[in-house]
2 protein chains.
Amino acid sequence: MAADMLLSDPEPVVRATRTAGRKMRSLLLDAASLLFRERGLSGTSIADIAAAAGAFPSQITYYFRTKEALFVEAACRDMLYLASAAERAALCSDTPGDYTQALVETVTATDSVAFFAEALTLTRRRQDLAPHLVRTIERLHSEGLRAYAAKIERHGWRTLRDADATSRRFWAVAIGVTVEGCAMGHSPDELRTEMFRVLGEQATARSASEVARLRLVGDRDVSVPTQSDREAPS
Amino acid sequence: MAADMLLSDPEPVVRATRTAGRKMRSLLLDAASLLFRERGLSGTSIADIAAAAGAFPSQITYYFRTKEALFVEAACRDMLYLASAAERAALCSDTPGDYTQALVETVTATDSVAFFAEALTLTRRRQDLAPHLVRTIERLHSEGLRAYAAKIERHGWRTLRDADATSRRFWAVAIGVTVEGCAMGHSPDELRTEMFRVLGEQATARSASEVARLRLVGDRDVSVPTQSDREAPS
């Protein structure tokens, strides 16, 4: 019966191997992330990570080739987790101010941006590590754009600049403020304050009366949501 | 006579020693900057720098203590030079658009921001190096604020956000875009394009009638913000 299954359908075995591989990769990334965040790249060895994950050093080189590649992949994974967490935190915000606050608070609550910035700095002189980072940054930008565009569409907010530029600016400012602030020894609270200050307003809400007034003026340069009750919950 | 001078006024000797010391420091910083930019921190030794400056390794440890401290000081000095160069380049700009363009072009023309970002990343885990960096960032912000405030005052521009936030945002964006772009292997041209996109408009010329008057003059080389470029009136 088992032999029959194997003969007629090799898929379960392949799938089981793949799943085990994915699990081990994930375990190694978890251990690496913890250690790299705490001790940095130079303060962490492959042996340390293997020990923390209950694995052999050869498994790390099998899955990631080098410590540097593992560093970059762990930082990229954590950054994408952070972006998802920020999006979830901002999902229920009803005003542009609340939206920015939710994003900034999520982003400054962990050291994921600092970890990612370390990977970016490393990769500048290690272009062999770039492809993984390039894909991560592209995903960061495209998912940021999608999330922000959906938000302004849903609430009828007036974005102060095009959605793509707004989303790219958010991450550039997050990285810039974090790199500056961490070097200065700033606390997460100070990072948050500085990020708010530097980021400024990203969009404004439009009240129903404002929308009506703008429509009366008939200013064609201003893009006005077509439904005056856009603010109302649907 | 010379003895009289020495007795009555020890200043010239002290001054000569100080001047020689400053010269040697400056020579060492020049050599360090060149090598660090080319090969990075780990690719450069104290012996390399001493050889390039025609000095002894002991002179480096005398003036800077460690290679890392020299790295941070060289990066800080270059960043302040860059800020001055950007300010000079933007001095003659007549419109907010030209002003931003002059700043962005200067900042993306060299690798000073990338070098500085490397120093920032290093200092996150080496807080003993922070004081020099903190002073540099504070100077960057205060001189940026002074230059921008003078510019908007002189031309009567309407800044879209307070001058301090605008100046801080400029440097945070410069650092964020540079760290991201260099990791992705982008060229200076690509960095410049991305920085323009992320930065957006910082100020607008004073009034619509002023803009119209400038348009009548028909000077096409002067980039005048058009109505649609500007924020929609609220």
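The following legends describe close-up views of a predicted two-chain model.

Residues are numbered from 1 along each chain as its sequence is written, and chains are lettered from A and ligands numbered from 1 in the order in which they are written. Because the model is predicted, local features need pLDDT of at least 70 and side-chain atom pairs count only at pLDDT 80 or more, whereas totals for chains, interfaces and linings use all residues.

**View 1. Overall architecture of chain A.** Chain A contains 11 helices and 2 strands (DSSP runs numbered from the N terminus, helices being H or I of at least four residues and strands E of at least two). Along the sequence these elements follow the pattern α-α-α-α-α-α-α-α-β-α-α-β-α. Of the 234 residues in chain A, 37% are buried (a residue is buried if 20 or more other C-beta atoms lie within 10 Å of its own, exposed if 12 or fewer, and partly exposed in between, with C-beta atoms placed from the backbone). Among the contacts in chain A with a separation of 6 or more, 62% join residues 24 or more positions apart (two residues are in contact if their C-beta atoms, placed from the backbone, lie within 7 Å).

**View 2. Confidence of the prediction.** The mean pLDDT of chain A is 87, and 84% of the residues score at least 70 (pLDDT is the predictor's confidence in each residue, from 0 to 100). For the complex, the predictor gives an ipTM of 0.83 and a pTM of 0.83.

**View 3. Relation of the two chains and their interface.** The same surface serves both copies, since 89% of the contact residues of chain B recur in chain A. In the interface, 36 residues of chain B are in contact with 35 residues of chain A. On the side of chain B that touches chain A, the elements giving two or more residues are α7 (112-124), α8, α9 (163-183) and α10 (188-199) of chain B. The most comes from α9(B), with 12 residues.

**View 4. Helix α10(B) and its buried side.** The 12 residues of α10(B) reach 16 Å from first C-alpha to last, close to the 16 Å expected at 1.5 Å a residue (the expected span is 1.5 Å times one less than the number of residues). Its buried residues are Leu191(B), Glu194(B), Met195(B), Val198(B) and Leu199(B). They lie on the same side of α10(B) because they cover an arc of only 120° around the axis (the arc of the directions from the helix axis to the C-beta atoms). Their cover includes α9 (163-183) of chain A, together with α6 (96-109) and α9 of chain B. Gly200(B), with a positive phi near 70°, follows α10(B).

**View 5. Surroundings of Ile152(B).** Ile152(B) belongs to helix α8 (residues 130-155) of chain B. This residue counts as partly exposed because it has 18 C-beta neighbours inside 10 Å. Not counting residues up to four places away in sequence, Ile152(B) touches Trp157(B), Thr159(B), Ala163(B) and Ala203(B).
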